[in-house]
Amino acid sequence: MANLYVKAVPPADLNRNTDWFMYPGVWTTYILFLFFSWLLVLSIFGCSPGMAWTIVNLAHFLVTYHFFHWKKGTPFSDDQGIYNSLTWWEQIDNGKQLTRNRKFLTVVPVVLYLIASHTTDYQHPMLFLNTLAVIVLVVAKFPNMHKVRIFGINADK
Amino acid sequence: MITIPYLTALSTYFSYGLLFAFGQFRDFFRKIFDWWQASNLQGYAPICLGLEDFYIRRLYLRIQDCFGRPIASAPDAWFDVVERYSNDNNKTLKRTEKISRCLNLGSYNYLGFAAADEYCTPRVIDSLNRFSASTCSTRVDGGTTTLHKELEDCVANFVGKPAAVVFGMGYVTNSAILPVIIGKGGLIISDSLNHNSIVNGARGSGATIRVFQHNTPSHLEKVLREQIAEGQPRTHRPWKKIIVVVEGIYSMEGELCKLPEIVTVCKKYKAYVYLDEAHSIGAVGKTGRGVCELLGVDTADVDIMMGTFTKSFGSCGGYIAGSKELIQYLKYTCPAHLYATSISPPAAQQIISSIKVILGEDGSSRGAQKLARIRENSNFFRSELQKMGFEVLGDNDSPVMPIMLYNPAKIPAFSRECLKQNIAVVTVAFPATPLLLARARICISASHTKEDLLKALEVISQVGDLVGIKYFPAEPKKQLQHQEQQPGKDTIKLE
C-alpha cells in the first residue's frame, strides 16, 4: 500500500498558479480534507453530525468563494501580471470550460449540500443557509459566468 | 516521466495547503494591526498589486537561508561558503566573518574552467592588460576588437555553422533575438519547460505563442497541424513564419531533447528549429560540440543554434550561430548588438582559450580528458544515487541530476543538513518547478575527483535517510552475497 506509485506527466499549462491542479492526487486530497475537517469540527464543538456538516459546508462556501471566485491574479510576480484580472476559477485549464477538473469542482458543493441537508433532516435555518451556499457556488461556476462581473462588483479599476 | 508515491503526493498537497493557510492567517492579522496603526502613506500607490508578493513574503522568506548563499572564493570543486545567521526568523540575514569549505555540487562548472586554469588564465590576464576590462562601447561604435572577430570565428567553427554572433549576456541573447527574428503574424511553438529567457523573448516579440508537451514530438506534430490548419487568430490567414524552440538539456530535469524526431517533424511541416544549448554545449558529445553531436543530428538541419558561455566555458555571454545571411541580418537589427556593450575582452579570451583546450589545439589532451571525466563522473554518480533508492531524473550522459524531494518541508531540511556536513547543494522549489515537484539539483563537474564524489554520496545517503527521500527501494548490496559464500570467523560449524 505504501508503495503505490503514480506517474506525473507535466501538463502543457504555463500558468504556475493553476498547473498544480492537473497532477494526480488533488481530488483525493480535497475529499480527504473535507472529511477530516468534519471530524475536527465534531471533536471541537461536540455538536450533532448534521450541524458539523453544515458548518463544514458553510466554511467550505466561504473559503472556496474567496479563493476561487474573489481573489484575482497570482501569488507571485514572475508572470508579469498577465492574469491580474482573472480569478482562479477563470484561470484553470487555460480558460477552457467544462473540463474534468471543472466538473469535479462543481459537483463537490452539490454533494456537500446533499450530505448536510440529509444529516440535518432538512430543518430550518440550516437548510436555508446550505441552499444559499450551493446556489451561489454553482452559479459562479457556470460557463456563461466566465469573466462576468455582476453590477461591476470585483471588476478592475 | 516522474513517478511519485501516491501518499507523498497527498502529503505534499496537504503541506502546501497548511503553509498557504498559515500565510493567509498572518496576512489577515497583519491587515488588522496595520488598520489600527496610523500610517503616513496617504496618497501613495501600493508597491505590489493585490497578492503578488504573497509567495515571497510567506513561503520563500521562511527558508531564505537555503537560497542565495554568498561565497568567498572561485566556484571550483571545493569553495568557501560564508555563514549567515538571522535574529528575526529568516526575514533578514546577516553575514558573519566565518567561512566553511564545502564541496560544490551546485555550480554549472561542467568542464572545470570556473577556477584558474593553467592555459586559459595567463592568456586572460594578458588580454586584460592589453585590452582593459571593458570595451566601453557597443559593437558598432568602438567595441569590436580583433578578439571579438576571432571569438565569432572560433565559435562558428566549434559549433559547426557558417557564422556566429556573440553577445555580452546569456539571458539577453534569447530575449533580444526572438523579437528580432519573428513578429506579429508569426507563431512560436515552445516546449512547456523552456527557460524564462525564451518565454520573455517570445512574449516580447508579439508573435502568437503555443506550447507543446515537454519532449513529446507527437504532441508537437498535433499542435503544428492544428495551428497550420487554423492560421492566424481571428483573420485565419496563413502564418508568416513558424519557429519551434527547444533546449538541448533542460536544466531542471537533466533530460536531453528528442532532437532527431523534432527535426523530422519540423522539416515535414516547414517550421524553423531554434535550439538553445545553454547547458549542453561543451558538456556532452564526443568532442564537446553539444547535443547535435551526441544525438547524430546534422547541424545544417537546425536553423538557429543558441548557447551560452557561462556553463562549460567559465566565462559570460551568449552566442547565436546560423547561416551567414541570418547573422548579417542580426548584426543590422538586433538591439543587443547595436546598443548594448560588447562582451568584455578578457571574457572573450577565456572563451577562445577554453575552446582551444577542449579541441586539443593547445597541444595537450586535457580537453579530451575533461570530457571523458565528466561523462564518467555523471554516469557513476547517477547510477550510485539510483542504486541507493533516490529518485533521480535525467538521461545518461547528462551532468545535471535533480533528486526529487516533493515535500516543501524537506527542501530546507535537505539543504541545511547537507551544509552542516560541508556539502553545498542547490534546492529548487515552486515557482521555478511545478508545485508538487520540488527538487535538489546536482551539477557534476570534470574537476570533481572520485574521492569527492564518494564523500558526496555518503553524505547524501545519510541525509536522505534522515529526511526520508529514498522513495524507491534500494538495490541490495552485492557485498552481502560474497559474505554468505565465505564462512565467517564467528560462525560455528555444526557437524
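**Notes on chains A and B**

1. Of the 157 residues in chain A, 43% count as buried (under 20% relative accessible area; exposed is over 50%, partly exposed in between, with a 1.4 Å probe and protein chains only). A friendly reminder: this is a predicted model, where local features need pLDDT of at least 70 and side-chain atom pairs count only at pLDDT 80 or more, while totals for chains, interfaces and linings use all residues. Residues are numbered from 1 along each chain as its sequence is written, chains are lettered from A and ligands numbered from 1 in the order written, and side-chain values use heavy atoms, leaving out hydrogens and water.

2. Chain A holds five helices and one strand (DSSP runs numbered from the N terminus: H or I of at least four residues for helices, E of at least two for strands). From the N terminus, the order is β-α-α-α-α-α. The C-alpha trace of chain A spans about 50 × 50 × 25 Å along its principal axes.

3. Turning to chain B, an open sheet of three strands runs β11-β14-β13 with antiparallel pairing (two strands pair if DSSP finds at least two bridges between them). Its edge strands, β11 (400-404) and β13 (426-428), each pair on one side only. Five bridges join β11(B) to β14 (residues 439-443) of chain B, and B:M401 stands opposite B:I442 in β14(B).

4. Please also look at B:F29, which lies in helix α1 (residues 6-36) of chain B. B:F29 counts as partly exposed because its relative accessibility is 45%.
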